[in-house]
Amino acid sequence: MHRRDLLLGGLAGAAGLLPALAPAPAAAFERVGDRRTLVFSGGQPVPVLDPHVRYDWSTRMMQQCIYDALCKYEGDPPKVVPWLAERWETSADGLTWTFHLVANAKFHNGDPVDAEAVRYSFQRALKLNKGVAWMLSAHLDPDGIAAVDARTVRITLKSSYGAFLSFMPLWYIVNPKQLAGSDDYGQKFLTEGDAGSGPFRIKRWDPQAVMALDAVADYWKGWPMAEADRPAGVIYRIIREPAPRKAALQRGEIDIATELSPDDYDQLAKAAGIVVESHTGMTPFTIQMNTQKGVTADLNMRKALAYAFDYEALIQIENGAAKLMDSPFPNAMAGHVAIKDIPRRDLDKAREFLARTAHPKGGFELEYLYVAGLEVERRIGLAVLESLRALDIKVNITAQPWPTLVARGAKAETAADMVAVYVTPVSTDPDVIASQYTSAAEGLFWGMHHLRDQQINDMVAAARLETDLARRMAGYAAIQQRIVDLQPAIFGMLEDRKWALRSYVKGFEFCPVRLTGEADLYTLYAAKA
Amino acid sequence: MATLRTILRRLALLGVMLGGLVLITFTVSNVAPSDPAALAAGPDATRAMIETVRHEYGLDQSLPMQLARYVADLLRLRLGRSIQTGNQVADDLARFFPATMELVLLSMLFSVLAGVPMGLWAAVRRNSWFDHAMRALAVSGVALPAFWAALLLQLVFAVWLGWLPTSGQLSVATAPPDPITGMILLDALLRGQWAVFAEAARYAVLPAFVLALPSLAAIVRVNRAEMIEVLAADYVTAARAHGVAPRRVIGWLALRNAMLPTLAMIGLRFGWTLGSTVLVETVFDWPGIGLYAVNSAIASDFKPVMGVTLAVGVTFMLTNLLIDLAYGWLDPRTRSA
């Protein structure tokens, strides 16, 4: 036999052996005994688990698994429902809130969740002055929280604050006994540690790759599914790039995937054994315009741009999975009203407004800035370019990394003419969005429009302090109209939030106030065949 | 004695180069137009909260003061704290570096074990179909962007054929072995956990291969070219004329001499491969320092990025020192150089 034959024979043999490397078909879900563990995958890591230090969608999803709060958001439209607190009441002036805790709640180490733990947790969050602190720091001092008895907590605000209750689902309760003796409020321990009372406890924590949680079998609140369906646990697996994440779902390596492109979701929806959950979200996409510098400082120019923009392009880019904004507030937000004269494409009106500017015939350039790597925002930039061509306005589309984009937007002098921004509100209270158009927001990433309007400032401040709900909501209706009148942004769309799930995954419950890819893992389980 | 002098001289040079590296990475990190404190404080943070973070991490001090503190930390073998997690960067590196080293060593092992014989055989069978195939491999190995090759291989071997997993280092349901070296494959081997070893090997195949491709291509081309040159040398002709067995002429006499540039290439490729882990680890979600650097850079968390740069730089320099020493062993004439 010639060497060449030997070589070829060897290669053929090696090729024949390759299938032997093939694994058994990937498990549809991980099993622990006769119980199942679902694998959820997104692209965002969870660098810090501490509930008083950080939150973003992936972090909050894990925090919600491990910790409990006094109340929780549930349903669509979202409602604040009792959780650690079985009931609460507020004084007539809105300054004092009294929460009554459930009797049976306990931390993972067996300690009871009592009023002292609530007092400590609120004080800890306020004193650290990180993460969730901004929600209450202007209205609550650390000594404003008192443990009346083991099951009663009284919170006394410095000033009435209509949004107070809407933030309670984000203020998680930690076990002070596990943090005792720490000189940094237990920050080091809680970066990856567990001092919670939630439905899951930490099994394995690799912040760059995998977070595996075990279900707490005797969770004090019980489980929403039949006992036989109760999961053994849940795993959050980080797959940074959408393409391998989609591939992992198709292969059955993961059970739920989020943060995929509109086209990916459409393809997966047609695949056997996969379903796509699609729901109108609460994240406004707007194109903020610089109200202080350049041609967009002129209200007539901003109106011209808003009337020239082809809004239907947004729906096409999202393959139909989006809804146009009819107000600066998302639909699921309390106090939302549809503004009748919110701009839609009308080139006659656009030319009319343009004629009142210093550039009645166009003939100038604008910059459209978006976050590098966000394909949808890039395609929207192309739609802006195409739309403004009708007014003879040239658009330069530029992409910059998020940190650079935010740093540029911090000052009106450096902010772009137009910048694409998604802003997810963390609560359903209208103050969260309304305050984004006050002077206090100037320079923050949602305030890259740099709007300075004393009337809006006053209206928002008044609505924030109003304790009568009807009068408060009337105030926000007027605020929405005023924001549209000033047109600091092109009010775009509410993108659908989507998750692709293996069809055996049951119990998915959508709630729009959760952050982007976040899902409530507590309700999910794998149905037995 | 000469070797010792060489080592000491190189170590002194390494110190100077490290100083330069620190200065460059510090400068680049601080001219980047972003505000790490604002990003770490979160999107909703008030200005007071941002200032809290800025003060906690010393970012409210002047740049020369920050540099001085950083250098003082380095002298105590500390690399500062991550503004995202609050963790010591040195601790994070110790945690993530073994995964990267595992991947780099596997890919280098594959590049050398496959590349050297392939280059040798291409030289011996010059202009044969094998030589042409190696040329095609070399061109594509260098030309294919790593992320594209990674996605393509994932599609073929994970999605279509289902032979290999898409990404990660180990199945989410499998507990890694208790660490000895921190490298899962090696630890599984040392602890005799064969099932874990087999599973970890399957997860390592695609990322190691993608990472190895450019080095494999380079080694094949360099080794082939050197072998052709050496095989035409007088002393090889003389050896053949003296009746030395062809296998010994090619496999020992010629290959040993042709290996000098190949060895230098391996040293260079090692550093390059270490740097390339950033892309490969990102696509394959391999939890090493490349992924750590990417996650940190996205958050403008510069201390970890600087730490990774220094770690890669030091490893690169030390590897080259070792290669130089090996050079001396292969060619005694270079020992006193």
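Domain bounds are those of an automatic or database domain assignment. The model is predicted: local features need pLDDT of at least 70 and side-chain atom pairs count only at pLDDT 80 or more, whereas totals for chains, interfaces and linings use all residues. Residues are numbered from 1 along each chain as its sequence is written, and chains are lettered from A and ligands numbered from 1 in the order in which they are written.

**View 1. Domains 1 and 3 of chain A.** The assignment divides chain A into domain 1 (23-66 + 198-273 + 503-529), domain 2 (68-178) and domain 3 (281-495). Between domain 1 and domain 3 of chain A, the C-alpha centres are 34 Å apart. Eight residues from domain 1 of chain A and eleven residues from domain 3 of chain A take part in the contact (C-beta atoms, placed from the backbone, within 7 Å). On the domain 1 side, four residues are nonpolar, two polar and two charged. Here Ala, Val, Leu, Ile, Met, Phe, Trp, Tyr, Cys and Pro count as nonpolar, Asp, Glu, Lys and Arg as charged, and the others, Gly among them, as polar.

**View 2. The β-α-β unit of strands 17 and 18 of chain A.** Strand 17 (residues 364-371) and strand 18 (residues 393-400) of chain A run parallel and are joined by eight bridges. Strands pair if DSSP finds at least two bridges between them; helices (H or I, at least four residues) and strands (E, at least two) are DSSP runs, numbered from the N terminus. A:Y368 lies opposite A:I397 of strand 18. With helix 12 (residues 375-389), the two strands make a right-handed unit, that is, with the strands pointing away from the viewer, the path from the first strand over the helix to the second runs clockwise.

**View 3. The hairpin of strands 4 and 5 of chain A.** Four bridges connect strand 4 (residues 71-74) of chain A with the antiparallel strand 5 (residues 79-82) of chain A. A:C71 faces A:P82 in strand 5. Four residues separate the strands, and A:G75 in the turn has a positive phi of about 85 degrees.

**View 4. Contact between chains A and B.** In total, 45 residues of chain A contact 42 residues of chain B. Helix 7 of chain A gives the most to the chain A side, with six residues. The chain A side comprises 26 nonpolar, eight polar and eleven charged residues. Among the residues that meet between helix 7 of chain A and helix 7 of chain B are A:A247 and B:L155.

Technical notes:
Contact = placed C-beta atoms within 7 Å.
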